Every structure is written in C-alpha cells, then in structure tokens.
Amino acid sequence: MGHLGALLFLLGGLGALAHICEITEVDSMLVERLGQRLLPWMDRLSPEQLNPSIYVGLRLSSLQAGAKEAHYLHSLKLSYQQSLLRPASSKDASDSEAKPSMGQLALYLLALRANCEFVGGRKGDRLVSQLKRFLEDEKGAIGSNHQGHPRTSYYQYGLGILALCVHQKRVHDSVVGKLLHAVEHVRHLRQDHVSVDTMAMAGMAFSCLELSNLNPNQRNRINLALRRVQEKILKAQTPEGYFGNVYSTPLALQLLTGSLRPTVELGTACLKAKAALQASLQHKTFQNPLMISQLLPVLNQKSYVDLISPDCQAPRALLEPATEILPQTQVPEFIDVMLKVSGISPSYRHSVSVPAGSSLEDVLKNAQEHGRFRYRTQASLSGPFLTSVLGKKAGEREFWQVLQAPDTPLQQGIADYRPKDGETIELRLVGW
Ligand code: B12
C-alpha cells in the first residue's frame with residue numbers, strides 16, 4: 001500500500017472515507033459561471049423548451065435564481081399537468097405537442113421533490129399512477145424471460161423508479177426486478193456512451209430503495225446490485241480519470257458520493273475523477289444546460305438520492321446574469337468541413353464552408369440550404385436530436401450516430417459540437 005493508500009485507509013478507519021467522492025474545493029467563480037449559463041434557459045418557457053432537469057440541478061446546487069426559479073417551477077407545473085392529465089382524445093392538443101415521456105415525467109416529479117413537495121392530491125395521484133403504468137408497460141416490453149428491451153431505455157426505467165422512490169411511492173418487486181436483472185447480467189460495460197450513465201442512474205434508484213426500505217423482500221439483491229454498479233463504474237474509469245467519459249462523470253460521482261461501500265479503491269478512483277473534472281471546468285467543457293444540471297449537485301456534494309429528504313432552507317448564493325463582453329465585429333474567417341453520410345445508399349460526401357466557430361448544426365443547415373442534403377431533428381432535454389438524414393428516419397433501436405472521421409463518436413450533440421477546419425464529420429445509421 002502506497003502513501004495514498006495508507007492515508008485513505010486511515011481516513012476509512014475514521015469514518016471519513018464515505019465522503020471521499022465529494023468535491024469540496026471548487027473555485028466558487030467557476031461554479032457561478034456554470035450557474036449563469038443556465039439563466040438564459042430559464043427564460044424559455046415554451047412546452048418543448050421547459051426542462052425539469054435544470055430546476056432539479058439548480059435546487060441541489062449552492063446557487064439560486066431568485067424569483068426566476070419559482071416562476072420556472074410554476075411554468076413546469078402548468079405545462080406538465082396540462083399535457084399529462086389531458087385525456088388522450090382531447091382536441092386542444094396539436095399533434096406536435098407530444099406527451100412527456102416516462103423519463104420526463106420522472107424528472108418533473110424530482111423537480112417537485114426538489115421544492116420539498118410530496119406529490120399528492122387527486123392530480124398528483126394521477127401522475128404517480130401514470131408513471132407506475134409507464135413502468136408496468138416497460139416491464140411488459142422487457143418480457144418475462146428478459147429477452148426484450150424497454151421501449152425507452154434502462155436509463156429512463158431507473159429514473160422512473162428513483163422518482164417514485166423519493167416520493168416514498170412503492171413499486172412492485174417485479175418492476176424493480178427487471179432493473180436488478182439488467183444490472184446482474186451486464187457482463188462488460190460496452191464501450192458506448194450510454195453505459196456508465198445508465199449504471200449510475202440504476203444505482204441511484206437502488207440507493208434510494210435501500211435507504212427507504214421500500215422493497216424489503218429484495219434487500220439482499222439490491223445490496224449486491226449496488227456493489228456491482230459501483231464495481232462496473234470504477235472499471236470504466238479512463239486513464240484521464242473520467243468514469244466513462246467527461247459527461248457521464250457527474251452522474252457517476254452523484255452515485256459514488258452517496259456510497260455506503262467506501263473502499264480504498266473507491267477513494268483513489270474518486271480523487272482521480274475529481275482532478276479530471278476540475279480540470280475540465282477550466283476548459284468550458286460544460287456548455288449544455290442538461291449536462292450542467294447533472295454536474296451542479298456534485299459540486300455541492302449532493303445527488304438525486306438526497307431528494308429523499310431535501311434541505312429547502314439551505315442558503316444558496318443568488319446568481320447574477322453574466323456581464324456580456326461583446327465580441328469585436330470582424331470579417332468572419334471561413335472553414336471547410338467535410339460532411340459524409342454512410343449506412344444508406346447512395347452515400348453522400350460534400351464539403352461545406354461555414355464561418356469559424358459554427359456548430360455542426362450550422363454545417364447541416366448550410367448543406368441543406370445549398371445542396372441535396374436533408375435532415376430532421378427532434379427537440380429533447382439535451383437539445384436537437386438528429387432523427388432523419390437524407391430522408392432516412394432512424395428506426396426502433398437505431399440512431400444516427402455522429403462521428404469525427406474515421407471512427408470517433410462525438411461526445412456532444414449537433415448544436416454543441418463545433419468542428420474545426422478540415423475536419424470530416426460522418427453521420428452513420430447504427431443500432432444501439
Ligand atoms: C439513452 C441515451 C441515448 C440513446 C437514446 C435513445 C433512447 N431511446 O433512449 C442513443 C443511443 C440513441 C443516444 C444517442 C446519442 N447520444 Co446519448 N444518451 C442517452 C442517455 C444515457 C439517456 C438519455 C435520456 O433518456 N434522458 C432522460 C430523458 C427524460 O430526457 P430526454 O431529453 O427526453 O431524452 C432523450 C434525449 O436525451 C435523446 N438523446 C440521447 N442522447 C442524446 C444526445 C444529444 C446530444 C441530444 C441532443 C439528445 C440525446 O434521447 C432521449 C430519448 O428520446 C444520456 C445520459 C445522460 N447523462 O443524460 C446520453 C447522452 C445525453 N448522450 C450523449 C451523446 C453524446 C449522444 C450522441 C451525440 C452520440 C453520438 N456520437 O452519436 C447520440 C445522439 C446523436 C443524434 N442523433 O443526435 C451525451 C451528451 C453529452 C453532451 N455533451 O451533451 C450523454 C450525456 C452521454 C454521455 N455521457 O456522453 N443516446
């Protein structure tokens with residue numbers, strides 16, 4: 001055991017190891033800057049732009065947005081109740097106003113809990129029943145022999161169980177059983193971007209069930225699954241220190257922060273992850289509001305599991321809007337990006353010229369305006385999700401993957417990623 005191991009062992013003996021994954025010394029200016037990036041999003045109150053994750057992230061952070069915050073919650077309540085409690089046959093709903101998904105309903109329930117509300121009353125009970133029904137349907141889609149897949153994802157399945165749990169609503173053992181089975185039978189975390197986030201979300205659902213003792217018959221299985229989740233996440237640590245990738249590290253740390261299984265290995269891994277994450281904060285890696293909303297709780301030593309008993313009186317610093325430094329107007333420099341589409345025929349390859357600093361979405365728009373390229377997106381809590389390219393819509397369990405050629409999947413979506421001059425971007429239809 002090296003010096004670090006010895007120190008961690010000593011801390012463990014003192015009972016301090018349980019907090020080894022908490023990030024405590026972050027420059028408060030950096031945290032404030034992250035919070036400030038959320039403020040403009042809190043002015044977007046249309047149903048497709050409202051994002052319950054932003055509210056949850058802020059309430060679990062060391063920051064607050066004053067009156068804007070209460071107004072945002074009010075808008076969330078109006079929008080979610082209206083669309084979720086509207087009868088399926090209702091005429092005042094346009095086709096484009098899709099009902100929130102299982103995961104979105106779950107995030108909305110987390111938002112209520114973040115405001116120290118327990119879902120209740122006639123309307124609240126209906127929302128709880130809807131979420132339970134969603135989970136039952138997903139359980140059916142997975143099937144009694146576990147051969148199928150949830151229609152959404154195990155990430156949303158875990159989120160659904162977690163949301164009900166923090167409201168002290170019990171789900172049937174068989175519903176929890178599907179998530180347990182999924183975790184028990186994961187061999188290696190596939191080297192795709194979904195695994196660590198999904199493991200972390202499932203782990204937080206199990207942590208909540210364990211702490212609340214809502215499914216006592218499954219106590220041992222839950223306990224073992226939590227151990228397994230922790231092990232898998234630690235195994236997925238990259239040489240730089242991230243768990244999975246930089247964007248899955250916040251959720252992984254949310255899970256590990258609340259770990260009741262501190263070990264020396266965990267302590268070492270968390271120290272490395274914290275250093276990597278802190279370095280990434282200096283580099284403006286976190287621009288996307290959803291990503292910021294998953295990170296802010298970690299920087300305040302909190303996780304979604306804390307919504308079992310949230311502290312709504314905790315002092316939080318008031319966010320002031322960032323003072324904008326207007327860039328000097330210069331003649332824009334242009335860059336060339338090669339856009340390639342594979343997985344369909346005929347394949348497509350074209351160079352697109354855009355001003356430097358443009359997003360990949362700008363590249364796609366430009367290609368569409370000036371050529372035969374066509375694409376469609378769907379709004380999501382992470383931003384515009386690419387659904388169709390050159391008229392080909394991704395089918396069930398397929399998606400349009402975005403890569404930097406030759407073979408590196410991007411870690412950001414089309415609205416956030418800014419290609420460099422001479423880069424080739426590939427859009428590839430793949431299964432997941
Ligand atoms: C499941 C998942 C997927 C599934 C979604 C399909 C499904 N039926 O669920 C698949 C495999 C298709 C997928 C694809 C991608 N994903 Co993904 N995905 C997730 C995951 C694990 C959960 C999302 C979720 O359900 N959220 C909860 C629900 C309630 O929110 P929602 O907004 O309604 O969910 C929808 C969107 O999240 C959307 N979606 C999923 N991923 C992404 C990524 C982006 C950039 C956008 C705009 C939308 C989007 O699909 C969800 C279901 O409809 C998150 C993890 C996380 N920490 O958030 C990563 C995550 C959001 N994905 C990520 C990335 C990078 C991608 C890709 C860009 C990867 C790539 N190189 O192609 C692509 C998207 C490409 C495109 N076509 O636009 C990153 C985003 C990081 C960032 N900087 O914003 C995350 C955080 C994972 C990570 N740690 O890197 N993803």
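I began with the link of C21 and C270, which is right-handed, with 75° about the S-S bond. The two sulfur atoms lie 1.9 Å apart, and I counted a disulfide as a pair of cysteine sulfur atoms within 2.5 Å. C21 sits in the loop between α1 (3-13) and α2 (28-38), C270 in helix α12 (residues 264-282), so the pair links distant parts of the chain, 249 residues apart. I took helices (H or I, at least four residues) and strands (E, at least two) as DSSP runs, numbered from the N terminus. Both C21 and C270 are buried; my classes are buried under 20% relative accessible area, exposed over 50% and partly exposed in between, with a 1.4 Å probe and protein chains only.

I noted the basis of these values. This is a predicted model, in which local features need pLDDT of at least 70 and side-chain atom pairs count only at pLDDT 80 or more, while totals for chains, interfaces and linings use all residues. Residues are numbered from 1 along each chain as its sequence is written, and side-chain values use heavy atoms, with hydrogens and water left out.

How many disulfides does the rule give? The count comes to three.

I went on to C116 and C312, joined with S to S at 2.0 Å. The torsion about their S-S bond is about 105°, so this disulfide is right-handed. It also links distant parts of the chain, 196 residues apart: C116 is in the loop between α5 (102-114) and α6 (121-142), and C312 in the loop between α13 (289-299) and β2 (317-318). C116 has a relative accessible area of 34% and is therefore partly exposed. C312, at 25%, is partly exposed too.

I then checked C165 and C208, whose sulfur atoms are 2.0 Å apart. Here the torsion is about -95°, so the disulfide is left-handed. C165 belongs to helix α7 (residues 154-166) and C208 to helix α9 (residues 195-212), 43 residues apart. C165 counts as buried because its relative accessibility is 0%; C208 is buried, with a relative accessible area of 0%. With bonded cysteines counted along the chain, I wrote the pattern down as 1-5, 2-6, 3-4.

Next I looked at a sheet. Three strands form an open sheet in the order β5-β6-β7, with antiparallel pairing; I let two strands pair if DSSP finds at least two bridges between them. Which strands are at the edges? They are β5 (375-380) and β7 (392-393), each pairing on one side only. Six bridges join β5 to the antiparallel strand β6 (residues 383-389). T377 stands opposite L386 in β6. Helix α14 (residues 360-370) packs on the sheet, touching β5 and β6, and its direction makes about 145° with that of β5. The axes are lines fitted to C-alpha atoms, for helices over the stretch in contact, and angles run from 0 to 180 degrees between N-to-C directions.

Last, I looked up E398, which is in strand β8 (residues 398-404). E398 counts as partly exposed because its relative accessibility is 29%. Leaving aside neighbours within four places in sequence, E398 is in contact (heavy atoms within 4.5 Å) with K393, L429, V430, G431 and W432. The side chain of E398 reaches the backbone nitrogen of G395 at 2.7 Å.

Terms used. A polar contact is a pair of N or O atoms within 3.5 Å; within protein, one must be able to donate a hydrogen and the other to accept it, and residues adjacent in sequence count only if both atoms are side-chain atoms.
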